[in-house]
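Subject: Structure handover

Hi,

Here is the structure we talked about. Please look it over, then read the notes below.

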Amino acid sequence: MSGKIVILPETLTNCIAAGEVVERPASIVKELLENALDAGATEITVDLEKGGSSIRVTDNGEGIAREDVPLAFARYATSKIGSFDDIYRVHSFGFRGEALPSIASISRVEMVTRQISSPAGTRAIVEGGEMKEISDIGCPVGTSILVSRIFEPVPVRRKFLKSDMTEQGYCMEVITRLALMQSAVKIRASVGGRPVLNIPSAPDLSERIALTLGQDFRGQLIPAAGEIEGVRLTGFVSRPEFTRSSAAQMYVYVNRRFVKDYLLNHAVMTAYRRLIEARRYPAAVLGLEVAPGDVDVNVHPAKMEVRFRNPRGIYALIVDTLSGAIGAGLTPGAAGAAVSSGAVPSGYVSRVEEALKRYRVSSGPGKLFFSGPVTVKTDAPANPPPLSREDAKWGQPLFSSGENSGCPHFHCFSDLLYIGQTAGTYLIFTGEEGMVLVDQHAAHERVLFEKLRRQAQNDKAVGQRLLLPEVVSLPPRDIAFLTEALPILEEAGMEVEPFGGDSVVIRAIPDFLSHTEARTLLLDLLAECGEADRDMPLQEKREKIFTALACHGAIKANRNMTGPEVSGLCRELDAISHAATCPHGRPLAVSISVAELEKMFRRK
Ligand code: ADP
Ligand code: MG
């Protein structure tokens, strides 16, 4: 009997390797852009077809010599390293020589390239990993790579792709990440022939941030710079009042490579601790320059995770530098603080000082708290866990959604006597049957949510027109999402229209949100309907948007409610047929019956 083990043919191994490198069209965009940057390009154009179904990246870099073209498509063929140790010396993005063969194994690639020294360029066509054609062609210096029929040889991979819009969003995000750190490179992008991005080269990073992420960032950025042996940190972080409701705008780079690293993000969040509310996130564009020997980038196929030789030092560097920068940015006249104007909320400076003091106390020389792996909570869980038995011990949710919804002993909130508020958040009521506690924020949120739902059904949303329509510029991935969400916003009384390029104009906001800032509201909405959720069906999208709007409009925790406000809320709750939980799924009221009270006090 012959043996069972065979060596797989290269076309198949490339396909398998492509599984690691090419997860989705955006991964192709990333690899092609990195190659263009490695080739020293100063101008790069990305042309996408719908959803990244075809991708063309054109650069004015050094080009590839005719004899090297077939090698560029061979596995482990690279011009960037020659020995293993070189990996720890490289300054280029690539070095594994895997990207082009992986991409070519799962698509059709057409490459046109010319070096300055060569009179003619080369055109090569590779399909399913096989070189089909290689010929001369007249073309400008540089390289243009067109990738089409993506995943055709591996149809199963296509099933894992999300909607065109989401995939396109991922592609745009990849471009944004690279564009931020490459101030000198001109980057343009189009989708289906329509220009969507045109970022000129910028003299400095803060200018580049505004050009890439939106003009809103102007005047909101605090410069940060610090150094420890072998590591330099530079970049910008947002003023603490300019926060976001997701961590999506925290961009951290190691040696110009975008990384997603818990340790680094945690350090950034620590610098803001107590300065921003829970579940709010700063925007940040930070670059770490680490001696290549002190960081291992070869731990992740897409090189998104890295490993440091001195993680504690880097953690401390970030916390120290950012805390200092944020403090200096807010202390009037602080030396060297190139901070633009912007009203500082009262009490703010003292909070910064307090946080700084606390940080110094807790960190002290050489005893910064840092143990084991750290994790960052990026977002609240979409559905909070149901009350456990333990939680339910002292009181039952008033209406647990399901069988016993509609508590038999309880008719309406307005019949209860209001006693007062505890913990700044819970309203205490007494009634014939015992005691009722209401979470003021959750309750009001439910009221507003129901109101939005009713209005949407009856087509009668009331919007509050803004005296001055507000123009907001958005990162490209948000524009596409917003375009689809416009009718839903309109149902809620929020009027937003495209305003050309990367901008939209807000003309009206829901009446119950008239006290909020329109721009912040829109940005928060976009952040809350984060990337992962962008594929949801319309109905779900509506729920999500309504929930976010209701949450923004609802009375906050830790606010004193007046008597009339409490009775108003009770009436509104009574008008809702199934006020079981807040739209996020938390209970909004809990009752403790007289019998339960008696048990607690051992009277029974
Ligand atoms: P790596 O980037 O890891 O070296 P790739 O498979 O991405 O591997 O690319 C293989 C080789 O092809 C590179 O080392 C480089 O020499 C060449 N190459 C790829 N894209 C370009 C480009 N846009 N301009 C110039 N050379 C390129
Ligand atoms: Mg590469």
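Start at a strand pair: S190 stands opposite P195 in β8. Five bridges join β7 (residues 186-191) to β8 (residues 194-199), and the two strands run antiparallel. Two strands pair if DSSP finds at least two bridges between them. Helices (H or I, at least four residues) and strands (E, at least two) are DSSP runs, numbered from the N terminus. The hairpin of β7 and β8 has two residues between the strands, and G192 takes a positive phi near 55 degrees there.

Before going on, the ground rules. This is a predicted model: local features need pLDDT of at least 70, side-chain atom pairs count only at pLDDT 80 or more, and totals for chains, interfaces and linings use all residues. Residues are numbered from 1 along each chain as its sequence is written, chains are lettered from A and ligands numbered from 1 in the order in which they are written, and side-chain values use heavy atoms, with hydrogens and water left out.

T122 has D136 in β5 as its bridge partner. Two residues lie between these strands, and G128 takes a positive phi near 50 degrees.

Next, the open sheet. Five strands make it up, in the order β9-β10-β13-β11-β12, with mixed pairing. The edges are β9 (221-228) and β12 (257-259); each has a single partner strand, so one side of each is left without a neighbour in the sheet. From one strand to the next, the twist averages 20 degrees. Inside the sheet, β10 (residues 231-238) and β13 (residues 284-290) run antiparallel, joined by seven bridges. T234 stands opposite G287 in β13.

Two helices pack on this sheet. Helix α6 (residues 164-181) touches β11 (250-254), β12 and β13, and its direction makes about 60 degrees with that of β11. Helix α8 (residues 262-272) touches β10, β11, β12 and β13, at about 130 degrees to the direction of β11. Contact means heavy atoms within 4.5 Å. Axes are lines fitted to C-alpha atoms, for helices over the stretch in contact, and angles run from 0 to 180 degrees between N-to-C directions.

V290 is found in strand β13. V290 and R232 are 58 residues apart in sequence but 6.6 Å apart in space, C-alpha to C-alpha. Beyond four places in sequence, the contacts of V290 include V254 and F308.

Now the ligand. Which residues are closest to ligand 1? They are N35, T78, S79, K80 and G97, out of 19 that surround ligand 1 (a heavy atom within 4 Å). A nitrogen atom of ligand 1 is 2.9 Å from a side-chain N or O atom of D59. For T143, a side-chain N or O atom is 3.3 Å from a nitrogen atom of the ligand. A99 places a backbone N or O atom 3.3 Å from a ligand oxygen atom. Alone, ligand 1 exposes 530 Å², and the protein buries 93% of that (Shrake-Rupley method, 1.4 Å probe).

Last, Q440. Its place is in helix α12 (residues 440-458). Q440 counts as buried, at 0% relative accessibility.

Best wishes

Conventions
Polar contact = N/O pair within 3.5 Å; in protein donor to acceptor, adjacent residues only side chain to side chain. Buried < 20%, exposed > 50% of the residue type's maximum accessible area, 1.4 Å probe, protein only.
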